[in-house]
Amino acid sequence: MESEEGPARSEITIEAVLAALDHPLRLRVVRALAATAEMTCQEILPEITKSTASHHWKVLREAGVVEQRREGRYLYLRLRRDDLDSRFPGVVDAVVLG
């Protein structure tokens, strides 16, 4: 099982998070992940090509919004809610409910 977490909690910046959330597909990803523990990439954006989805996963991961792990041929995403709530209280709730 391979894990890719992105930046450490202390290195997550509000500028990176907000920039990552500045796209409708990435907002959709965050809202979907907020409702569950983790999902496969195909479950979240089944209609999107792999290359496009990979780009969005990378942006979210590098901003510290999500972490991903690979299990076999599946890639699982999880919202880094604890890290985000710790750094920027209320931001995830505003995004999910907004």
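**Close-up 1. Packing of helix H2 against helix H4 in the predicted model**. In this predicted model, helix H2, which spans residues 24-34, packs against helix H4, residues 50-63, at an angle of about 70°, and the two axes lie 10 Å apart. Because angles of 65 to 115 degrees count as roughly perpendicular, H2 and H4 are therefore described as roughly perpendicular to each other. The crossing in which H2 passes H4 is right-handed.

**Close-up 2. Residues in the contact between H2 and H4**. On the H2 side the contact is made by Leu25, Arg26, Val29 and Val30, while H4 contributes His55, His56, Trp57, Val59 and Leu60. Sorted by class, the contact of H2 with H4 has six nonpolar residues, together with two polar residues and one charged residue.

Close-up 3. Two or more lining residues come from each of helix H3 (41-44), H4, strand S3 (66-71) and strand S4 (74-79), and H4 gives the most, with six residues. By class, the lining of the largest pocket has eight nonpolar, five polar and five charged residues.

**Close-up 4. The largest cavity and its lining**. With a threshold of 30 Å³ or more, the count comes to one cavity, and the volume of the largest cavity is about 30 Å³. The residues that line the largest cavity are Val17, Leu21, Val30, Val65, Leu79, Leu84, Val91 and Val92; by class, this lining has eight nonpolar residues, with no polar and no charged residues.

How values were computed
Residues numbered from 1 in each chain as written. Predicted model: local features only at pLDDT ≥ 70, side-chain atom pairs only at ≥ 80, totals over all residues. Heavy atoms only, no water. 1 Å grid on protein atoms, 1.4 Å probe; cavity = no way out; pocket = protein on both sides within 12 Å on 5 of 7 lines; lining within 4 Å. Points joined across faces, edges and corners; volume = space filled by probe spheres on them. Nonpolar A, V, L, I, M, F, W, Y, C, P; charged D, E, K, R; others polar. Axes fitted to C-alpha atoms, helices over the stretch in contact; angles between N-to-C directions. Helix = DSSP H or I, 4+ residues; strand = E, 2+ residues; numbered from the N terminus. Parallel < 35°, antiparallel > 145°, perpendicular 65-115°, else oblique. Left-handed = near helix turned anticlockwise from the far one by under 90°. Contact = heavy atoms within 4.5 Å.
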